[in-house]
Amino acid sequence: GAEGMDKMKNIMTSLRENPPKEIAGMKVEKVYDYLTSEATSLVDGSVEKLTLPKSNVLSYALPGGNGAVIRPSGTEPKIKIYVTAVGKDRAASQALTDKISADMKGFVGVE
């Protein structure tokens with residue numbers, strides 16, 4: 001209900017104000033915030049304008065084409081996490097997916 005929706009809002013606000021610097025042992029290179037329409041480099045601090053429609057979505061670019069996207073559900077009190085993992089084979093990609101997922105769940109308070 002309303003309590004769950006408030007919790008999601010607070011999680012997203014916290015991630016906006018304090019973006020993770022590292023996920024699964026990899027430094028976050030860039031944070032894309034589709035609500036503010038800004039992409040911020042954590043490498044050099046530069047900011048670029050995003051031209052896609054505004055949406056309550058955060059995306060974290062990691063080295064090697066890896067990344068994570070997080071957004072609240074629009075219909076229920078859930079946070080959705082999407083992971084991109086690149087490995088030398090399926091097993092390596094799955095292991096990396098598991099590590100990224102575990103860190104992202106930790107950021108939103110889910111074990």
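Colleague: Taking contact as heavy atoms within 4.5 Å, what do the buried residues of α1 pack against?

Modeller: They pack against β6 (58-61), β7 (67-72), β8 and α2 (90-107). Helices (H or I, at least four residues) and strands (E, at least two) are DSSP runs, counted from the N terminus. Keep in mind that this is a predicted model, where local features need pLDDT of at least 70, side-chain atom pairs count only at pLDDT 80 or more, and totals for chains, interfaces and linings use all residues. Residues are numbered from 1 along each chain as its sequence is written, and side-chain values use heavy atoms, with hydrogens and water left out.

Colleague: OK, and which residues of α1 are buried?

Modeller: Met 8, Ile 11, Met 12 and Leu 15. Buried is under 20% relative accessible area, exposed is over 50%, and partly exposed is in between (1.4 Å probe, protein chains only).

Colleague: Where do those buried residues fall, seen down the axis of α1?

Modeller: They stay within an arc of 95 degrees, so they line one face of the helix. The arc is taken from the directions between the helix axis and the C-beta atoms.

Colleague: What exposed residues does the face turned away from the buried side carry?

Modeller: That face of α1 has Ala 2, Glu 3, Lys 9, Asn 10 and Glu 17, which are exposed.

Colleague: How far apart are the end C-alpha atoms of α1?

Modeller: They are 22 Å apart, and this agrees with the 22 Å that the 16 residues of α1 should span at 1.5 Å a residue. The expected span is 1.5 Å times one less than the number of residues.

Colleague: Switching topic: where does Ser 37 lie?

Modeller: Ser 37 is in the loop between β3 (30-33) and β4 (38-41).

Colleague: Is Ser 37 buried or exposed?

Modeller: Buried, since the relative accessible area of Ser 37 is 4%. Setting aside neighbours within four places in sequence, Ser 37 is in contact with Glu 48, Lys 49, Leu 50, Leu 52 and Lys 54.

Colleague: What about Glu 38, which strand is the place of that residue?

Modeller: Glu 38 is in strand β4. Its relative accessibility is 37%, so Glu 38 counts as partly exposed.

Colleague: And what does Glu 38 touch?

Modeller: Not counting residues up to four places away in sequence, Glu 38 touches Val 31, Tyr 32, Asp 33, Val 47, Glu 48 and Leu 50.

Colleague: How many residues apart in sequence are Glu 38 and Leu 50?

Modeller: Glu 38 and Leu 50 are 12 residues apart in sequence, and 5.3 Å apart in space, C-alpha to C-alpha.

Methods. Contact means heavy atoms within 4.5 Å.
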